[in-house]
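Here is a short report for a reader new to this structure. Keep the sequence and the 3D view open while reading.

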Amino acid sequence: MRQLGMDKRIEKKKWTRKKITYITGSILFVLLAFFGFKSFNKKIFKADASRITVKEVIEGQFQDMILIDGDIEPINLVLVNTLEGGSVKEIFVEDGVFVEKGTPLIHLSNPTATLGYLNQETAIVEQINNLRNLKLSLEKDQRNLDESLIDSENSLAETTRRYKTDSVLYGKDVIAKNDFIDIRESYRYEKEKRNLLSNNVRKSSLDNKIQIEQINKSIDMMQRNLELIHENIEKMLVRAPVSGMLSSFDPVIGESYGRNQTVAKIDIQSGFKIKGRVDEYYLSTVKPGQFARFSFDGQLVDLKVKKVLPEVNNRQFEIELEFVGEVPEAITIGQSVQVRLELSKAQQSVMIPRGNYFQASGGQYVFVLNDQGEAHKRFIKLGNNNPGYYQVLEGLEAGERFITSSYQDFKNYETIEIK
């Protein structure tokens, strides 16, 4: 038989001419597209010199600071709150006047609360009277027991004398035996009666003493409750808790106030402070002891952070600043100022002024001028900033000039020709 040989495997070529042509064409397309894009980016934008603002990169003392809004407030401001709710019945003073401690400010009317206090007062007075009557009854019972003991002791003393006398007479056979037995039994009876009364008086006296002490304590407590009721009724008259200048006081007859509601503020005139509002971004940066300043009447006034209030409202938190030196005489409560808050100490740094260029570049690049009247895009790295400058970490040197006006028209270009 004819022996069949094994089929020979034909290997397929990995790199065919067609595949090589396809790959080569793709690479050429990518290169052309890349260089075309680069060529587009290298287009020169011609800018009018009158529409371009140029400033110089400088080197100097840079300090990280922020601008915040602040209000002048008194150092010690006392809130005047209602102790009881009610509607305004009378107004005794006007806003902005100086008041002494205890001066009546407004009188509130609350018939429901007043009637409730009067009912409580009536009930407490009735209880006090009942306790006093009980105390009088106990004292009277004790006196009766004491009088009974005195009578018993008198009877016992008289019976004792008769018993002793009859004992002698009975020994001499002067009196009959039955008479002697009668007096002896009378003596024994009076003695036992006296002993029983004496024990009762002693026990009753101890019990009554304890009970009367409890009654007196109850009466004292009820008397204090009566005083509190009278104070609550008196609280309807709102008085100044301290002496000082009255502010934020604008009640209207018939206006209703709830319990513990603020009706006024009193400045005890011990000085001024500034309460500022800071963006929550700086919550971990602002610390007590940091310095600040603001301009007032053409002069810089130094401040220092005294307190940081970490509660955030409307994406802001509050700080309190105190005056480091003398307070300007023209400062008044309620004035608003713009404060420059220092977040770090000054350090030698390369700096560029703030400008409209930042909106388009985001601080990632600037257009730097050369001696040929051209500006080239250069990527930079910025650090901290303050109201006037950005701190430059990389990409620029002092003395170089760059465009600070808006980049919106030529942000996609790399070279600007200024004419």
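Are Glu320 and Lys273 buried or exposed? Both residues are buried. The model shown here is a predicted one.

**Salt bridges**

Glu320 and Lys273 form a salt bridge, with their closest N and O atoms 3.2 Å apart. Glu320 sits in strand 16 and Lys273 in strand 13, so the pair ties together parts that are 47 residues apart in sequence. A search of the whole structure finds 13 salt bridges. Three of them are listed below.

| Salt bridge | Closest N and O atoms |
|---|---|
| Arg259 with Glu84 | 3.0 Å |
| Glu320 with Lys273 | 3.2 Å |
| Asp302 with Arg293 | 3.5 Å |

Take Arg259 and Glu84. Arg259 lies in the loop between strand 11 and strand 12, and Glu84 in the loop between strand 5 and strand 6, so this pair links parts that are 175 residues apart in sequence. Arg259 is exposed, at 53% relative accessible area. Glu84 is buried, at 6%.

Four strands make an open sheet in the order 5-12-10-7, with antiparallel pairing. Strand 5 and strand 7 are the edge strands, and each pairs on one side only. Walk across the sheet from strand 5. This strand, residues 77–81, is joined to strand 12, residues 262–267, by 5 bridges. Here Val78 has Ile266 as its bridge partner. Next, 3 bridges join strand 12 to strand 10, residues 244–247. Met245 stands opposite Asp267 in strand 12. Strand 10 then pairs with strand 7 over 2 bridges. There Phe98 stands opposite Met245.

**A hairpin and its neighbour**

Strand 19 covers residues 365–369 and strand 20 covers residues 374–379; the two pair in the antiparallel sense over 5 bridges. Tyr365 stands opposite Phe379 in strand 20. The hairpin has 4 residues between its strands, and Gly373 takes a positive phi near 80°. Strand 20 is also joined to strand 24, residues 415–418, by 3 bridges, and these two strands run antiparallel. His376 stands opposite Thr415 in strand 24.

**Nonpolar cores**

Which residues have the most contacts inside the largest nonpolar core? They are Ile352, Val366, Phe367, Leu396, Ile403 and Tyr407, in a core of 22 residues. Strands 18, 19, 22 and 23 are the elements that give two or more residues to this core. Strand 19 gives the most, with 5 residues.

Ile403 has contacts from several parts of the sequence. Leaving out residues up to four places away in sequence, Ile403 touches Ile52, Thr53, Val54, Tyr357, Phe367, Leu369, Ala375, Phe410 and Ile418. A second, separate core has 21 residues, including Val278, Phe294, Val301 and Val305.

**An exposed proline**

Pro288 lies in the loop between strand 13 and strand 14. Why does Pro288 count as exposed? Its relative accessibility is 55%, and exposed means over 50%. Pro288 touches Val305, Lys306 and Val308, not counting residues up to four places away in sequence. From Pro288 to Gly86, the C-alpha to C-alpha distance is 42 Å, and the two are 202 residues apart in sequence.

Terms used. Residues are numbered from 1 along each chain as its sequence is written. This is a predicted model: local features need pLDDT of at least 70, side-chain atom pairs count only at pLDDT 80 or more; totals for chains, interfaces and linings use all residues. Side-chain values use heavy atoms; hydrogens and water are left out. Two strands pair if DSSP finds at least two bridges between them. A nonpolar core is a set of buried Ala, Val, Leu, Ile, Met, Phe, Trp, Tyr and Cys residues joined through side-chain atoms within 4.5 Å. Buried means under 20% relative accessible area, exposed over 50%, partly exposed in between (1.4 Å probe, protein chains only). Contact means heavy atoms within 4.5 Å. A salt bridge is a side-chain nitrogen of Lys or Arg within 4 Å of a carboxyl oxygen of Asp or Glu.
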